[in-house]
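Morning, everyone. I have one structure for you today, so let me put it on the screen.

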Amino acid sequence: MVYVTGDMHGDFERFKLPAMKKLKKGDTLIICGDFGFLWDGSKEEEKILEKLSEKKFNICFVDGTHENFEMLNSFPVSEWNGGKVHHIIGSVYHLMRGQIFNIDGLRIFTMGGGESPDVDIRIANNTWYPEESPSQQELIEGAENMATYNNIVDIVITHEPSAKVKEFLQMQFTEKSRVTLLNTYFEELAGAVDYRKWYFGSLHMDKHISATQVAVFTNVLEAWTGKPI
């Protein structure tokens, strides 16, 4: 089965939660951005990645904004379940932008990336990378891949939400992040594509916005139903 969870930011303790222990051999866990286990290339980080590679289930992630893109993009590009990936180690994969994967009978579209709201206080190519925002080529490739499948998928996995969803959720926040061009792209995508569930992680909350739109953070959800395990 395919499961979805939210941003991890390199917190290995998340894999010790009871829900994670329910995942079986052959299952796939998809993380909605800010994976965080590829950051400094330290020996400690390498050991954690080795531990992750020993898990009995696949660990996949789309990129968020808190990633070391220089390190991430140093991995060779290969194909896995119909889409392009960076194969990190063992059964750990980065699901690249604008791809469509066929996993356990589900057609899954992925588009990582976003725009850091605190970019003005970050250090370029250290705590912030310009590659965090999808390129025009990646956005076009995503649209073209969708068209190949007649704009029909089962699951959409992104880091950021669509514009309307972001605006709706931020009504409850005192400090608001601006709606970006990527959010607008997702808004157009949501109107053009037939999908069952859309998961995103950037807002760090566990909330079903509608029957199709789901914000996910620490919960582990069945991708098809959106139900916590």
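**Overall picture, then a few residues**

Start with the surface. The accessible area of the protein chain is about 10,800 Å². Carbon and sulfur atoms hold 51% of that area. The method is Shrake-Rupley with a 1.4 Å probe, and for residues only the protein chains shown count as cover.

Now the provenance. This is a predicted model, where local features need pLDDT of at least 70, side-chain atom pairs count only at pLDDT 80 or more, and totals for chains, interfaces and linings use all residues. Residues are numbered from 1 along each chain as its sequence is written, and side-chain values use heavy atoms, with hydrogens and water left out.

Next, the fold in numbers. The protein chain has 5 helices and 13 strands. Those are DSSP runs numbered from the N terminus: H or I over at least four residues for helices, E over at least two for strands. The radius of gyration is 16 Å, close to the 17 Å from the globule rule for 229 residues, so the chain is as compact as a globular protein of that length. That radius is taken over C-alpha atoms, and the rule is 2.2 Å times the number of residues to the power 0.38. Along the principal axes, the C-alpha trace spans about 40 × 40 × 35 Å.

Of the 229 residues, 51% are buried. Buried means under 20% relative accessible area, exposed means over 50%, and partly exposed is in between, with a 1.4 Å probe and protein chains only. Take the contacts with a separation of 6 or more: 65% of them join residues 24 or more positions apart. A contact means heavy atoms within 4.5 Å.

Charges next. I count 23 positive and 33 negative side chains, with the centres of the two sets 9 Å apart. Lys and Arg are positive, Asp and Glu negative; His and the chain ends are not counted. Each charge sits at NZ of Lys, CZ of Arg, CG of Asp or CD of Glu.

On to helix α1, residues 43-53. Which of its residues are buried? E45, I48, L49 and L52. Down the axis of α1, they fall within an arc of 100 degrees, so they line one face of the helix. The arc uses directions from the helix axis to the C-beta atoms. K43 and K47 are exposed, on the face turned away from the buried side. The cover over the buried residues includes β3 (58-62), α2 (69-72), β5 (83-89) and β6 (92-95).

Now M111, in strand β8 (residues 106-111). M111 has 0% relative accessibility and counts as buried. Beyond four places in sequence, M111 touches a list of residues that includes R97, P134, L139, I157 and F186. V62 is 49 residues away along the chain, yet its C-alpha is 6.8 Å from that of M111.

Last, the loops. Y149 sits between α3 (136-148) and β9 (155-158). At 25% relative accessible area, Y149 is partly exposed. Setting aside neighbours within four places, Y149 contacts I100, N102 and R107.

Two backbone angles to check. Most residues other than glycine have a negative phi. N151, in the loop between α3 and β9, has a positive phi near 60 degrees. H204, between β10 (197-200) and β11 (207-208), has a positive phi near 55 degrees. Both are partly exposed: N151 at 24%, H204 at 36%. Over to you for questions.
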